[in-house]
Each structure stands twice: as structure tokens, then as C-alpha cells.
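Colleague: Could you walk me through how to read side-chain contacts in a model like the one below? I would like the general idea each time, and then the case at hand.

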Amino acid sequence: MNIKPFLFFLGSLAVAQQARAQSFTVSKPITDALAQVQPNDIKAHIQYLADDKLKGRLPGTPGYQMAVDYVTEQLKKLGAQPAGENGTYVQKVRLRRAFTAPGATLTVQAQQGTAPTLAYGQDFMFYPNPEEAQVSVQAPLVFAGYGISTPELGYDDYKGVDAKGKVVVIVRGAPKKFSSTVALYNEDLLTIMQTAARHGAVGVLVASTKPTAKLIAQPKGVISVLGPDGKVAVSRSYATKQIRMLGTVNAATLQNLFVGAAADTGRVLASLRTDKPMSQALTGSLTAQFRSTYQDVDSYNVVGKIPGTDAKLKNEYVVHSAHLDHLGISTPVEGDSLYNGAHDNASGVASVLEIGKVYSRLKEKPKRSVLLVLVTGEEMGLMGSGYFAKYPTVPKAQIVADVNTDMPTIIAPLLSVVPLGAENSSLQTQVTNAANYLGLTVEDDPEPEQNRFIRSDQYSFVAQGIPALHIKYGNKTADGQNNLSQTVQQWRAKYYHKPQDDINGVFDFEAGKKYVQLNFLIGYQIAQNPARPTWNPGNFFGQKKVQ
């Protein structure tokens, strides 16, 4: 995930060699504490959090509050200090669910002729604006390819075009020369809007290029987080007040937007496919009007602290995180509409609680302080972690790393692991040490197409410049077939984001124990090392901030 693949390779190789060369020993107190991790304790946490009475832990509901109360009580029992707001264990996260009200209109007037009538839901759609209830935009149009501006990577859709005061029309995609993770970062709607704002735009239209593709509705609304001032603090569909309008249009509407332009869509899109931007001014002007309605609820992140022992380093923090929420009650599957979220992510929460318990058993705590952070709104777009990482309850500059646990998928013996994100930073060393100690093989991601690194809460920390990782299962199996990813894919088809993900599903709690031990050892090494984790030289994420 680097600007310069060759330099990235050299940096990764150096880190890998350093990791292999570094000796790593585990003291007897730590060995004894790790040995006391009990699979049945992991099961008990999952059993409670995935119980029907919590009704799927949807943020803002009594069931989610029961989960908050449970993990708060567990943190108290293991001796973690309150590290939320105002001396409590919680940080309030105000979630705004925004909807586009009926009656939205979009008119595109060409230089000559009449403006075609466009139908909402068929020809165009608008994302609701979470800050401005009534939006009216009238502006010229400019086509800016994929909406990507990365001159440092040798690609810029905005080169040679003036977007100031205009609505930018883009299509989804990224240059073929980009690595998958860099491409996904640049294709993210938030990145696209931030890029448009930097170039002075007032709105963004994302156009489909497939004639048969239908626009995607948002019947459940779009979630953002409001700060104490009532303004948007975190969102995946709102960047700044400057970008007042974010919408989508179908392929036929895209063709209409290009009427009278210097180059037609055929030439432009063909050029884009060869990594050659052909951005240009469009001749028409746009008039858009829509209203947004809101539903606000308060939810909570839960934060406990295990104080460090070093006079200086105790003021720095290593985060162990997992998301506490799930999907609540939703569309029935096989007659069941309650989404318990046992694996996703009661198992991750259980892991963090048991990691906290390992720390609690140590008479001599690590040098740095440790934060146990259970976040809300992950299923809504990383909302709770986005808010905590951007506005943490400790000084942000003092957070040195995040070790996240999200659905470790404990369905088979854990023999190998994939440390998503560790390759970006010096955290690879801690992963290699811990895995070797536990007899685990470290592998490359067996499912890179899943893009899991940017899909879970560790990415919120990365977006704030904080090295982070997320340990997932590897492919190794006891029978030597080494095809665990196939087993997981079959499991996922039946259980993932379905009501069937409850305590009666498939579990391997011994694998859960191994995850606890592994993530603890990674975090403990970070907490003990006088040197802070660092991004690898020239690393893409080390030079970028998403929010």
C-alpha cells in the first residue's frame, strides 16, 4: 500500500528481516497469566451479548444499553479505570440517521434546448445532507474522471480543469496501477468529496456507466455522528459544509450531461480505462433541490484504562478495540428476524474483555497505559471508532497503536493468521514475535478481494495517522489441505449478517483463547517498547489522513 511499490517492497523486506532477527522472550508472570485464559469465559461473554434479550444490540436501543452495562461491569471487575467522559466508562456518540425527503428535483439545462425531466429514484438520487435540512444548488458542471487527485502517484483527474463553484461529475473506479488498498482509499466517497472540496467544488454527482444498473436506494437512511456543537463530526457521506450536494445519476443521465461537450462518454471512459484522465468542462448547468429529515439517538463507546507504570510512557496509550453493536431486528431469514451477532462481534468483545483480564493478572503492568475500547456504530460505517479516533478521551497524539478484533471467526483451530495492516508499519515485528511464540504461521491475506483492512474499526485509527492492525484467520488447517478460507466462505454464506449468527452456531473456543493470547502479546510488546510504532518509510497510509 505504498506510493512507490519498489521502495515499499524494500521496506517490507527490511521489517520482515528485523522481525525474524529479533529475539523475543516471555517472562513467567506473563506465561502464567496467558495460561489462565479460559475458553468457557469467552463463551460466557458471547452467550450473554448474543442473547435474544439484547435484541441484536442496535445502537440507541435498550438492548445496546444492556451490552454497554455488561461490558462496563466487566471492566470494573478486572480493575480497569474509567477512561470515558467526565470520569465515567462511556463516551457519548450522537448518531444522526438522515433521510432524503420526497419531492427532490434535479434539472440539467443544456446551453441549447429544453431541460429533460428527471425522475427521482430512476434517473437520480441524493444522499441526505446531515447538517443542512433544505438544500438548493445551482451550478455549472465539470467532469473529473474518477475524482482522484494524487499527483504524487502520477495521476490527477483534476489537472487542467476548473472545479471551483461547480458540481463535479465522476464515475467510480481507480487507475489500474494502484494497489487494491490505495485504490479503495481513493474510491471511498468521503475521499472523493474531500478531493472535490479541495478543488473548490460545491457538489458531487456519481454517475453509473452501466445502462442496466439501477440506483441504490437508502430506505434506512444514512448515518453520521454529531459533535457536542450539533455539527457533523464523523460521516462517510458528508465531508464539509462546502459540498452541499452528493448524488447519483444513471447512465442515461450521464449521457445527457455530456451533450455538447468536447469529448463524448465513449472517448472519455475509454481513455480512463487506460489510466489517462480526459477531464473536461460540461456545457450544461445543474439545479438541485431536496430536503433532509433526521432521527437522532445517543449511543456510547465504552472505555477502560489499565494505567502504565513508566513515569513518562504511562501517558501514552495502546488501544485494544472491538465493536459492541450489531444489526438489531431486521429482514427475516428462515423465519428469524433477530440478528444476535454472536460472532459479529460478541466474539471480538469477549476477546478484548479477556485481554483485559490477562493484564489484570499481572502484578507488574506494562510501561504504557492500555485502553480497552468497545465502540458503537461499526455496522453503520465505523461511526463509533471514527468518533473515538478523531475525538478520543485521551490526547490523540498520545495514542501509539490500535490492535482491533472484529469477528475473528472462531470456527476452527487457529494455526495461522493474517495481520491486516501490520505490513504498513513496524507492528509487523510484534505480530511476528507473538505468532512465533504461540506456534502460529503468519500468512498473506487469502482473500484480498474482501478488502477487510479498510472495512473495520482499525481503519478509523489509520485515518488519524495511528498505526493499527486487525488479526484474521490464515488458511492453514490441521489436515494439511490449507483451505480454511473455503470453510469460512461456506460458513459466511450461512451465518454472516444473518439471524443464524447466534450462540447455537459453529464455535471453536480454543481458537478464541489463542486469539486472546496473540492479541495480548502484540499489545503488550507495544506497551513495553520505549520506541513508538512507526509507519514504514514512504508508506501510503503514513502520509494520508482520511478524516
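Colleague: Let me start with one side chain: is Y120 buried, partly exposed or exposed?

Modeller: Keep in mind that this is a predicted model. Y120 has a relative accessible area of 33%, so the residue is partly exposed.

Colleague: And how do I read the ring pairs?

Modeller: A pair of aromatic rings is described by the distance of the centres and the angle of the planes. Here the count comes to 20 aromatic pairs. Take Y120 and F124: the ring centres are 5.2 Å apart and the planes stand at 80°, so this pair is edge-to-face. F124 has 0% relative accessibility and therefore counts as buried.

Colleague: How is the pair of Y120 and F126 classed, and why?

Modeller: The pair is tilted, because the planes of Y120 and F126 meet at 45°, with the ring centres 6.5 Å apart. With a relative accessible area of 1%, F126 is buried.

Colleague: Which residues do ring pairs link into a cluster?

Modeller: That cluster holds Y185, F453, Y459, F540 and F541.

Colleague: Let us turn to charges. How many salt bridges does a search of the whole structure find?

Modeller: Side chains of opposite charge can pair when their charged atoms come close. In this model the search gives 10 salt bridges. One of them joins D41 and K357, at 3.7 Å from N to O. This pair ties together distant parts of the chain, 316 residues apart: D41 belongs to helix α3 (residues 39-49) and K357 to helix α9 (residues 342-361).

Colleague: How accessible are D41 and K357?

Modeller: D41 is partly exposed at 26% relative accessibility, and K357 is partly exposed with a relative accessible area of 22%. There is also a network of salt bridges here, linking D41, E354 and K357.

Colleague: What span should the 20 residues of α9 have, and what does the model give?

Modeller: At 1.5 Å a residue, α9 should span 28 Å, and its end C-alpha atoms lie 27 Å apart, so the two values agree.

Colleague: Which salt bridge does D298 form?

Modeller: D298 pairs with R94, and their closest N and O atoms are 2.7 Å apart. Again the pair links distant parts of the chain, 204 residues apart, with D298 in strand β13 (residues 280-306) and R94 in strand β2 (residues 90-100). D298 is partly exposed, its relative accessible area being 28%, and R94 counts as partly exposed at 34%.

Colleague: What about D296 and R96?

Modeller: Their side chains form a salt bridge at 2.9 Å, N to O. D296 is in strand β13 and R96 in strand β2, 200 residues apart, which makes this another link between distant parts of the chain. D296 is partly exposed, with a relative accessible area of 37%, whereas R96 counts as buried at 12% relative accessibility.

Colleague: Where does R96 lie relative to the ring of Y294?

Modeller: R96 lies over the face of Y294, at 4.0 Å from the ring centre. That gives R96 two contacts to look at: the salt bridge with D296 and the ring of Y294.

Technical notes. Residues are numbered from 1 along each chain as its sequence is written. This is a predicted model: local features need pLDDT of at least 70, side-chain atom pairs count only at pLDDT 80 or more; totals for chains, interfaces and linings use all residues. Side-chain values use heavy atoms; hydrogens and water are left out. Rings of Phe, Tyr and Trp (its six-membered ring) pair if their centres lie within 6.5 Å; planes under 30 degrees apart count as stacked, over 60 as edge-to-face and the rest as tilted. Buried means under 20% relative accessible area, exposed over 50%, partly exposed in between (1.4 Å probe, protein chains only). A charge sits over a ring if NZ of Lys or CZ of Arg is within 6 Å of the ring centre and within 35 degrees of the ring normal. A salt bridge is a side-chain nitrogen of Lys or Arg within 4 Å of a carboxyl oxygen of Asp or Glu. Helices (H or I, at least four residues) and strands (E, at least two) are DSSP runs, numbered from the N terminus. The expected span of a helix is 1.5 Å times one less than its number of residues.
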